[in-house]
4 protein chains.
Amino acid sequence: MPDLLAEARQELATANRVLANEGVLDAFGHISMRHPTNPDRYLISRYGAAELMMPADILELTLDSKPVVPTGARLFSELVIHGAIYQARPDVHSVCHHHATPVLPYCITGVELVPVMHLGAALGGKVPFWDSRDEFGDTPLVVTKPQEGASLARALGPHWMVLLRRHGATLAGRSLRECVFRSIYTCRNAELQSRAMGIGSISTLSDGEAEMCSQHSLTPRTLSRVWEYWTFRLAKVEAMTAAGAGTKPAAAKVAAKTPAKASARRGKPAKRTAAPPARKAKRAKKR
Amino acid sequence: MPDLLAEARQELATANRVLANEGVLDAFGHISMRHPTNPDRYLISRYGAAELMMPADILELTLDSKPVVPTGARLFSELVIHGAIYQARPDVHSVCHHHATPVLPYCITGVELVPVMHLGAALGGKVPFWDSRDEFGDTPLVVTKPQEGASLARALGPHWMVLLRRHGATLAGRSLRECVFRSIYTCRNAELQSRAMGIGSISTLSDGEAEMCSQHSLTPRTLSRVWEYWTFRLAKVEAMTAAGAGTKPAAAKVAAKTPAKASARRGKPAKRTAAPPARKAKRAKKR
Amino acid sequence: MPDLLAEARQELATANRVLANEGVLDAFGHISMRHPTNPDRYLISRYGAAELMMPADILELTLDSKPVVPTGARLFSELVIHGAIYQARPDVHSVCHHHATPVLPYCITGVELVPVMHLGAALGGKVPFWDSRDEFGDTPLVVTKPQEGASLARALGPHWMVLLRRHGATLAGRSLRECVFRSIYTCRNAELQSRAMGIGSISTLSDGEAEMCSQHSLTPRTLSRVWEYWTFRLAKVEAMTAAGAGTKPAAAKVAAKTPAKASARRGKPAKRTAAPPARKAKRAKKR
Amino acid sequence: MPDLLAEARQELATANRVLANEGVLDAFGHISMRHPTNPDRYLISRYGAAELMMPADILELTLDSKPVVPTGARLFSELVIHGAIYQARPDVHSVCHHHATPVLPYCITGVELVPVMHLGAALGGKVPFWDSRDEFGDTPLVVTKPQEGASLARALGPHWMVLLRRHGATLAGRSLRECVFRSIYTCRNAELQSRAMGIGSISTLSDGEAEMCSQHSLTPRTLSRVWEYWTFRLAKVEAMTAAGAGTKPAAAKVAAKTPAKASARRGKPAKRTAAPPARKAKRAKKR
């Protein structure tokens, strides 16, 4: 069991840095995952920017968003977003909350976010809005109270993404990788929808297309392809930084491991194909 | 013969990473080239993101998109796009399929993409649309069946670029470098057309201008200039990454070789002019 | 006393480079802070781009914007902006003047800048305009005369940000970090407001929301989170550069120090969590 | 005399790479300067992308755009743009021709480019249009014939910038640095004008303001500030790249030299202030 938890911590730390590297999370925003073996707990980083998070920064919380082990670490004030959704939705295994630039205009205007290209079908159907003002009046907009979290979870309902008016977006996934995929491609869909609205009238996927596209994108095959790509890009950036400081790149290990496993599953050695610099470096060290 | 094939693999792997580095390909999209000596085959990378592709990742396929040699590698599900176009168009030696941000708004709105500046004439005349829904109804939008590939090839007709509604773009070229040029400069033309539409009414090249501009851009002289530039930029990025991981930069060899050859052709040594860091490094190692 | 001043110089130099790295300052623009122990003086860099500034570049000026110690260094011609605001507003401890891309369209059109998301409430309420032409007629637009500085300070009044028509923005803060936060998040709010206006009608925070959001953002807790993030990012960029030149990264010391202190305050060692490469390098050297 | 020429070559090569690094030049476009001692000649790089150009790539041409010394190097096909302007305008000492993204929408729409902020006054007053179609009918749009160059020079007239319909921009300066400044800040002004038009009605500088702003920006003081900044940024990027390849960064020497000289002029040692990593590296090597 401890192994699965250690793997989950590493994967979640990597997801944090991937989402930072791909422009979804910045100083603010967070991603969590349900505990790999205990569905009554979830994992999330300490308070701080996603770009900084390493496995040791990942904490374990109950679904009431209390630390399982007492900690001196600071916690996010919006933990209830995560806890409330895990409570309401047993099918959800990962939650992301962000304020990414391409999506915010929809939170500000109330314009509906719709799938405009096949990969954007990761929106997962209708994207409802939640306005904290409706139920709670004037607040600091951040979702910090259990009843606010519960209200937001109700607004999400059976969907996969909800827009918070004048604030940001909250997304869910059946797995961490699905949630990362949805977070990145709904940003991209939003960017394309806005650009398309700037030059003409948009057409959207039919319901049938959206459903089929979403299924096509969220297979293990596609999710492992994008994960290989995102961790490769992260490893490159972290290798550059490490060069200056004379340390080992942080993502190297993760990147080295992930595609290797993926390759093993598809029956061919990863070493011969597209070895990213960081992976090579690691192998070199082993010899 | 094996030499020409090895060169083609290397050139195609470089084209993959150039298109990633210039923002045309990301986690998705692919570029292929016809086999250098056997017109009944084509080369394309294994399944995965273009940014990762090395010569060893390049596979050989029949025009029915079957691997010539059995392989454990995963293949793209949209191979038929390439095979169908090579079958329909003997003059085509390279095909690229992508979902780049500047072009997608045209796929979403159906607004016509037109040449708005001299380099944008690489569009190659009219850019037709293809809507999978017309012939096949609701699908996952990806082009995976032979009849879908054939339909797309018919829509392309004698043109050089076709837009797939709610999906992306497919381009062809008489050579790999022409296809890379067209892929990059049609993105740039699309970006400029959108920005121009944001401030006023656009004017377009006349048919005569478009024809002459296209001929001017697609000479070996211009194509070798841009290739020198793109591989130089790629070599710089790959050198940065390699610095962190202590490995040799992947593109260095290619970049070192390409401009050197180009210089030889124009009768002066490349070594004295604009030696990119990566090239210097290679020479240093030889001494 | 000398210690507080040395810390202030270092913090201000870091703030200069953070604002350059986050895209607020470029070749032009400047940030100052009130002297940590003598409210009749302020600190600001020598003439030059923020990206270059180190602690030794920080000069000490009277509130009349005269150097306390004679210096051969060149001074900004717009120092009066800073001096005039420190004179008029004892509650202000830091002033930033910039021409950042997202904010300038508001200076050009006179469209009102309003809070469209919770973090944008850092605008601090109403953002007045100042047009140098109203009082001074045709000028080179730069604010170089004492009476121009005084006029601008009057336009700022009790607010925290003022827009200079056809020129740029000037912001104030109760502390250096608050001023950096306001500078970055008003740019972001402006970017989002413009993008939202491109797709629909914007909604804004209510006055009550704006007040509560602003209070929530400008706590020491949030300010230390963003400072940790921005200095981490700066340290990474400076580490990359230093790699090429074989020197120690400039921001490493600062970055190493800041989160460590923050962690100490919250009762856990920084070393185990999210150690940025640059920090690791520094520790390695100590051993 | 040979010294002045060597300095000019180095400065022009640096200007090439600065304009590439700041996003004005890419695979295409070029900048030239009049010969420092012989007004009947000018200097420009060999055919190729600006980002690659080193002092050895700089060639010497007559005002008829013929190489002074026979060369095997390829030449730009649009040299006449430069030659024709130097012939028509003895006050011009540098010419830049580019197709930068922010400016092209004005070439495509014919919307007038006007100064919308103080630094944008570098436009230098009215910006005329030139349409090759008016006089020459359908052409490949590139300006390659002497009579086309002469026609463009007439369109420029006494101004400092001319927009080529469906093509790009050509700018002139009284010095190389003035031309670089104008090239960068007219791009920035164009970007801001477009963004401002997206949210409201733009206001422009009055003629008096524009004249005073332009004079304020084009002093040696301001030009040396921006040059220090741009070469510092270039040195950082080139240091990063060199790190990977194990070579000395190309721009280091230039960057080291330029601010040192500027500092000397203002009476204080450059070494103590804002030493860019690359400079430090150079000093380190000397010891």
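1. In chain D, strand β1 (residues 30-34) pairs with strand β4 (residues 94-98) in the antiparallel sense, over four bridges. Within this pairing, D:Ser32 stands opposite D:Val95 of β4(D). Two strands are taken as paired if DSSP finds at least two bridges between them. Strands (E, at least two residues) and helices (H or I, at least four) are DSSP runs numbered from the N terminus.

2. The model is a predicted one: local features need pLDDT of at least 70, side-chain atom pairs count only at pLDDT 80 or more, and totals for chains, interfaces and linings use all residues. Residues are numbered from 1 along each chain as its sequence is written, chains are lettered from A and ligands numbered from 1 in the order in which they are written, and side-chain values use heavy atoms, with hydrogens and water left out.

3. The sheet of chain D is open and has seven strands in the order β3-β2-β1-β4-β7-β6-β5, with mixed pairing. Strands β3 (58-62) and β5 (129-130) of chain D stand at its edges with a single partner strand each, so one side of each is left without a neighbour in the sheet.

4. Chain D can be laid on chain B by a turn of 90° and a shift of 0.0 Å along the axis, with an RMSD of 0.0 Å. The two copies are thus related as by a four-fold rotation axis. The superposition is by least squares on the C-alpha atoms of residues with pLDDT of at least 70 in both copies.

5. The contact between chains D and B (heavy atoms within 4.5 Å) takes 50 residues from chain D and 47 residues from chain B. Only 6% of the interface residues of chain D are also interface residues in chain B, so the copies meet through different surfaces. Together the two chains bury about 4500 Å², 60% of it on carbon and sulfur atoms. Buried area here is the accessible area (1.4 Å probe) that two parts lose on being put together, summed over both.

6. Six salt bridges are counted between chain D and chain B. The term denotes a side-chain nitrogen of Lys or Arg within 4 Å of a carboxyl oxygen of Asp or Glu. One of them joins D:Glu191 to B:Arg195, with the closest N and O atoms 3.1 Å apart. On the side of chain D that touches chain B, α3 (104-109), α6 (176-197) and α8 (220-245) of chain D each supply at least two residues. The largest share of that side, six residues, comes from α8(D). By class, the side has 26 nonpolar, 14 polar and ten charged residues; Ala, Val, Leu, Ile, Met, Phe, Trp, Tyr, Cys and Pro count as nonpolar, Asp, Glu, Lys and Arg as charged, and the others, Gly among them, as polar.

7. Between chains C and D, 50 residues of chain C are in contact with 49 residues of chain D. This pair buries about 4600 Å², with 60% of it on carbon and sulfur atoms.

8. Of the elements of chain C, α8(C) gives the most to the side that touches chain D, with six residues.
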